[in-house]
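Morning, everyone. Let me put the model up, and then we'll go through a few spots.

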Amino acid sequence: MFTSRLTLLWLLALPLCVFTAFFLIPLGVVFVASLTTQDGQFTLSQYGRVLLDGYHWQVIAVTFRLAILSTIICIVLGYPLAWYLVRIVKWRSWRRACVIMLILPLFTSNIVRSFGWMVLLGRTGLVNDALLGAGLIERPIRFLGTETGILIGLVYILLPFTVLTIGNALARVEPSLEHASRDLGAGPLRTFCSITFPLTMHGVMAGGIIVFSMAISAYVTPALLSGGKVTVLAMLAFQQYSTVFDFNYGGALSITLLTFTMALIGISSWMTRIGVHEKKGN
Amino acid sequence: MIIRLIALTTLAYLVLPLVVVIGVSLTETKFLAFPPQGLTLSWYAVILENPTYIRSFLTSAGLAALATMAAMLVALPAAIAMTRYTFPGKSALSAVLLSPLVLPHIVIGAALLQFGASIGLVRNFPALLVGHVIIVTPFVLRTLLPLFSHDQLSQEEASRDLGASAWSTFFLVTLPQIKAGLVSGGIFAFITSFINVELSIFNTTSTLNTIPVQLFNYVQYSVDPSIAAVSSLTILAAAIAIILIDWLIGLDFLSGS
Amino acid sequence: MTLLAIQDVSKSFSSHRALDRVSLDVMQGEFISLLGPSGCGKTTLLRVIGGFMSADGGRVIIDGQDVSSLPPERRPLNTVFQNYALFPHMTVLENVSYGPRRAGASRKEAEVRAHEALEMVGLAAMAPRSPRAMSGGQQQRVALARAIVNKPKLLLLDEPLSALDLQLRKRMQIELKQLQVQLGITFIFVTHDQDEAMAMSDRIAVMSAGRIEQIDEPETIYRRPKTRFVADFIGEANIVPMQKDGRSLARDAAFDGVLRPENLRVFTRAESLPDGWLSLPATVSASTYVGGTSNIYMVSGDRSLHARSYGVLPGDIREGVEIIAGFDPADIHILEG
């Protein structure tokens, strides 16, 4: 029974004010700053500094490489785990326990999780001990301060997202469709490839988008596991605000980061939509 | 069989770092040792005697609680407007209100710092609060949106028909039905605020600090088992929150049909 | 005495005219049905009376008081909703005592009255149950009890029986009518089911495209429909071209005569036709025999005819046979205009 236009205005007043004042305007300020010099003149030189410099492209390349690899690994590891939870686990309490194990890391600070990996991946950490003990390596591997270390930490933090989205999609697939496919003579693998997987594609995409957008803008995990030896875009942007205090240049870095994130979200959702259209066309 | 193996290994991978953190917090040594050497709770005593930790913890808890309440006040009317009305710009509004979920927090933090600097909203509690409200509101909104159903609309009409005013109808009919969702969305929001680093880091100082930022600064320079003890406490808090949500709305949403 | 007066009520949704200057007077204690196909405006009219929607123009007067600008909670009426709209988070008793509580009754008093209302619909034993665990018919009764517990002057019912199966619906029709007589409450009943409206109503308002086409007693509506729409919508109608006096057939269809199937008879020879009857030559296109009733469908020129009679058809009336369709001109009703 909220029917009048006046009520609508009242309902929207607070959300609109808060998000305009503390979200849209600040982002606008950053955007304007990225296009001006210290004394307020219009310039594109901040973006020139970001985009014409080999060092920045190297940082962007590292950021992208980490984000793409994390996304792929999260999907590859997440799909079997989601399958296991939805299709294989029969015992309700165990599934519940598994879901709790899955969500617990999500509810724990990046710091705490990365801290755990600092202990595990150290020169004398559990991982190196185990590998040495198994005779797989002769000298401890250096993880901390390498992209591999950061990747392990990122995948760890982002994996639950893909498991949850894929699991959700998987739980909604009608079993009768798979039965029909088997009935029509397709083997289990064929059925998975042409029925189940396409039906869960939107879950894979949704999970992928979340992982990618979070990986590309991750700050804490790379900062802790890089030991200052690897730099990603978010760290570069943060430096400008926290230590260099160059808000114009920092603004350009922020907007670059924002643009990459939004562009990738846009492309992925566009691809998902194309996929849907193709299926309808068939 | 292979799937089972991969799945269980992956689960182990998810739990391992948390187990390590808890394990390390129990060691008797002065350096990080896992498996722990000896068992002691003395590191917990160390942090409980440290006023900086206590203060940061209280700041974090207060910040998260206030941000969550504010987020509910923002998200609830927005959700009602978005489910009960058609108006121009509705999808744009929904995109804006939900976008902090995917936009880099470090950019939002930087933007608020730069904007806040011009109006004195910087390096103080309100500055922290404003940022947290922005990033946790989408969590509440997202859990609320599917809860406003068409059935409720006619129930609200029935309530008015039976003599209840618009306000009593909201409290007697609408609110009881969305309460569980509101609370679980609130817990998500609380936790998101409680563990945030990327946003808080712009506005914290040596005297005004949150637990995760303090841990972050600490971990970068020196590490000892007291860090693990603080971390373990936050893991414990997370576990309690999850059990609460499970109890409220049930987490077995992965059950097949 | 007039209880409800609707005066010139109009309502549009963007370009669609849902109600077009509708006026209607309802007497105290009357059972009125708003009957029409979906989209005719009957539910919109009910929602305007209930206060869930404000009209663009016109007035709604209940018991002499203009309630047009009052919110639903301030109107002296209650509603039984189409999907029942029971509160899922409350028990049956809590649902039914909701009204008395809002009216200021103490919890105890409200529960006593709720029990009385539940007694009336035969559900007193279900009071502590949750409505979610009940059958459609039981939920329907709870909704009814909840709506009558405050003893409103006027009860609005929005297709309350549409979700029930046929048998239960028939039984509820009788119970509803009995309850209405017993309580003396005025009922406004929205339905798209003509049998339901015929069986229960004192008067029926047939609606189409936002207007009331005709408002009359069921028998009058059936025997003397005012418009072609009413004739077609209520029961089945053969439309026969008649002269204005209603005595003889017309060649150049001057007036539409409405002839109900039970008044049309079939003859194999013209000689059998009773004196004074009119006849049309026709060819049988199909015939059915259902539940003791025979139906013959015929074609006469470019018009199709339908005759209904009790008992089995003679064997010589088969598909393709040329026959004579005859009727008594006294049974025909000439549409105005």
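Is C:Phe267 buried or exposed? Keep in mind that this is a predicted model. C:Phe267 has 8% relative accessibility, so it counts as buried. Its ring pairs edge-to-face with C:Trp277, with 6.2 Å between centres and 85° between planes. C:Phe267 sits in strand β13 of chain C, and C:Trp277 in the loop between β13 and β14, so the pair ties together parts ten residues apart in sequence.

Over all chains, a search finds 27 aromatic pairs. One of them is A:Tyr241 with A:Phe247, tilted, at 5.2 Å centre to centre and 35° between the planes. A:Tyr241 is buried, at 1% relative accessibility. A:Phe247 is partly exposed, at 22%.

Two arginines next. A:Arg87 lies over the face of A:Trp83, 5.0 Å from the ring centre. C:Arg146 puts its charged end over the ring of C:Phe87, 4.7 Å from the centre.

On to helix α6 of chain B, residues 125-144. Its 20 residues should span 28 Å at 1.5 Å a residue, and the end C-alpha atoms are 28 Å apart, so the two agree. α6(B) does bend, by about 35° at B:Val136, and B:Pro138 follows within four residues. At the helix start, a side-chain oxygen of B:Asn124 comes within 3.0 Å of the backbone nitrogen of B:Ala127. Of the 20 residues, 15 are buried, so α6(B) is largely enclosed by the rest of the structure.

Terms used. Residues numbered from 1 in each chain as written. Chains lettered and ligands numbered in written order. Predicted model: local features only at pLDDT ≥ 70, side-chain atom pairs only at ≥ 80, totals over all residues. Heavy atoms only, no water. Helix = DSSP H or I, 4+ residues; strand = E, 2+ residues; numbered from the N terminus. Expected span 1.5 Å × (residues − 1). Bend = angle between axes of the 7 residues up to and from the residue. Buried < 20%, exposed > 50% of the residue type's maximum accessible area, 1.4 Å probe, protein only. Polar contact = N/O pair within 3.5 Å; in protein donor to acceptor, adjacent residues only side chain to side chain. Phe/Tyr/Trp six-rings, centres within 6.5 Å; stacked < 30°, edge-to-face > 60°. Lys NZ or Arg CZ within 6 Å of the ring centre and 35° of its normal.
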